[in-house]
Amino acid sequence: MKYKIKLLTEEQYMKMLHWRERHIKEKHFILILAFVTGVGCAVAAYLLKSAIHLVQNFVTSMIDIDEVNFWYLAFPAIGIALASMYVRYIVKDDISHGVTKILYAISQHKAIIKLHNCWSSIVASSITIGFGGSVGAEAPIVLTGSAIGSNLGQIFKLDQKTLMLLVGCGAAGAIGGIFKAPIAGVAFVMEVLLLDLTMTSIVPLLIASVTATAFSYLMMGDEVMFHFDSYAPFALDRVPYIIILGIVSGLVSLYFTRGMNALESMFRKIKKPYQKILVGGTMLGLLIFLFPPLYGEGYDTISALLSGESDSLFNQSLLYQYRTQTWAILTYLPLIVFFKIFASTATNGAGGTGGIFAPSLFVGCITGFVVAEVLNLLGVFIPYQNFAFAGMAGLMSAVMHAPLTGTFLIAELTGGYDLFMTLMITSVVAYLTIIVFEPHSLYAMRLAKKGELLTHHKDRAVLTLMKMDNVIETDLQTVTPKMTLGEMVKVIAKSNRNIFPVVSPDTGRLLGILSLDEVRNIMFRPELYNRFTVQELMVSPPAKILSDMPMEKVMDIFENTGAWNLPVVDNARDERYMGFVSKSKIFNTYRHLLVHFSEE
């Protein structure tokens, strides 16, 4: 998409770009854009939170907090329907799975994110969550922040590497702005978006994150999201139980990850939008009616558990009269954990917009509280708040495969820096538990399955950035199977290559290849020119490369076959000839990209 400043003419716009290039050094200009991105992220976070609270206050004004309320059956479905129609008929683009879209943009779209993402996710997620959608606002705001950074870079015609950095600045600013957590913002970019930090890149990320946090304090006040003052100091004798919490958190996150994937697959099979809204809205309404804490982001539930007020979770519940009974707590809370993924997937799968930040914090807090409750029943004194606090870090670290992000985010969210050891142990153990079963985070696994994920592994990252269009060679002379040896010799005389694809003249299908080595011993014997045809001389290639095949898989095929040149076909069914890929071309492109990718 070509961007212009609409207030300027084309000539004025180009003059502005030239003035910037002459008077402001690139590295200084990046710092300026990082600051502007941070301000934009803070404003976006403020608008999103305000919009959610506005819609939520309007909706909940009709709900009696002390009674079972049947409005829960209708409100979430209404919100999903409104958000779905907004996305379908106004945005006309997929804005779900915000963080996955950012990863895909970095890996495949040269860090280009569409302009509408600067505002479309804010509107859709505020409607979804305000009406009770069981998702979080953080992934939409991360996509919004990244879009702000990407589009600023596109306006000033910056290169792909700088765009990637500005996308990271937007993500860091979004986390810093909505959570007031600047360190977690930078850690998120490093661990989840998988961008390598260098001295050149870390300063813009810090500027964006700190700026967004500072402006969020200015607009939303200086209070932390969750008040947490009644914690017990870290004690060495509790370490074994903290490890148990980490293992449980890792296993729950495994259920969270695989369960969400399975449920998303189920919703993808439903093709008609109104059927998705009907199924998802009904599922979500029933779940919220039975388990009211599933309504919305769930931050009220987290605050209640951190304050030791678990009985408030039973408000409007069918089990309200049993709220002080241990058996009810140990039944009700695990059921909420179990059904949370159903509620979150129903929200997004039916057409709503939201992320998994809040659901993972919600599930983690309840998991930590339940583990503490069980241990206390077994005679081991465990402070409930400490474990609810640490469970949040454990779930987030495991689901996102980001132990640093989980540790710093929870510490910054609550101001509970004195419990860093508890957080770190839980986060690391939970992360080590889930990677035994899942090598990629919930965000990344969709791209990893397609070979489209950029990683910290430099070689693999460079291969991911390489595209077939950059390495395919189309200057080879094609021949047909009915051509005689004499006709083949004339083609050889005009070619500077020693390999010839044999293609069907009717369908364009690749039938085989003919190497110069196959005809070298007979090509100078005119008496054989009419005796042999290409069909008799051609051989099958060692393998065929599909045009959409990831470059890492292409290199594996070269390695396994020992070939130096391989043909490219459009798909496995038609096998229409597209060109050739040579190992030397890949190596040359690889070296060029590696130099660019490694420069600071």
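**Terms and their cut-offs**

Tutor: Buried residues make up 56% of the 600 residues in the protein chain. The model is predicted: local features need pLDDT of at least 70 and side-chain atom pairs count only at pLDDT 80 or more, whereas totals for chains, interfaces and linings use all residues. Residues are numbered from 1 along each chain as its sequence is written, and side-chain values use heavy atoms, with hydrogens and water left out.

Student: Why is Thr-345 called buried?

Tutor: Buried means under 20% relative accessible area, exposed over 50%, and partly exposed in between (1.4 Å probe, protein chains only). Thr-345 has 5% relative accessibility and therefore counts as buried. Thr-345 belongs to helix H13 (residues 326-349); helices (H or I, at least four residues) and strands (E, at least two) are DSSP runs, numbered from the N terminus.

Student: Which residues does Thr-345 touch, leaving out those up to four places away in sequence?

Tutor: They are Met-260, Leu-263, Glu-264, Phe-267 and Ala-350, where contact means heavy atoms within 4.5 Å.

Student: What makes H12 and H14 roughly parallel?

Tutor: Helix H12 (residues 299-306) and helix H14 (residues 357-377) pack at about 25 degrees, with axes 9 Å apart. Axes are lines fitted to C-alpha atoms, for helices over the stretch in contact, and angles run from 0 to 180 degrees between N-to-C directions. Angles under 35 degrees count as roughly parallel, over 145 as roughly antiparallel, 65 to 115 as roughly perpendicular and the rest as oblique. H12 and H14 are therefore roughly parallel to each other.

Student: Which residues of H12 and H14 make the contact?

Tutor: H12 contributes Tyr-299, Thr-301, Ile-302 and Leu-305, and H14 contributes Ala-358, Leu-361, Phe-362, Cys-365, Ile-366 and Phe-369. By class, the contact of H12 with H14 has nine nonpolar, one polar and no charged residues.

Student: Where does H12 meet H15?

Tutor: Ile-302, Leu-305 and Leu-306 in H12 meet Gln-385, Ala-388, Phe-389 and Met-392 in H15. The axes of H12 and helix H15 (residues 384-400) come within 8 Å and cross at roughly 145 degrees.

Student: Which members of the largest nonpolar core touch the most other members?

Tutor: Of its 121 residues, these are Val-142, Phe-179, Phe-188, Leu-333, Phe-357 and Leu-361. A nonpolar core is a set of buried Ala, Val, Leu, Ile, Met, Phe, Trp, Tyr and Cys residues joined through side-chain atoms within 4.5 Å. Helix H7 (residues 160-179) supplies the largest share of this core, twelve residues.

Note on methods
Ala, Val, Leu, Ile, Met, Phe, Trp, Tyr, Cys and Pro count as nonpolar, Asp, Glu, Lys and Arg as charged, and the others, Gly among them, as polar.
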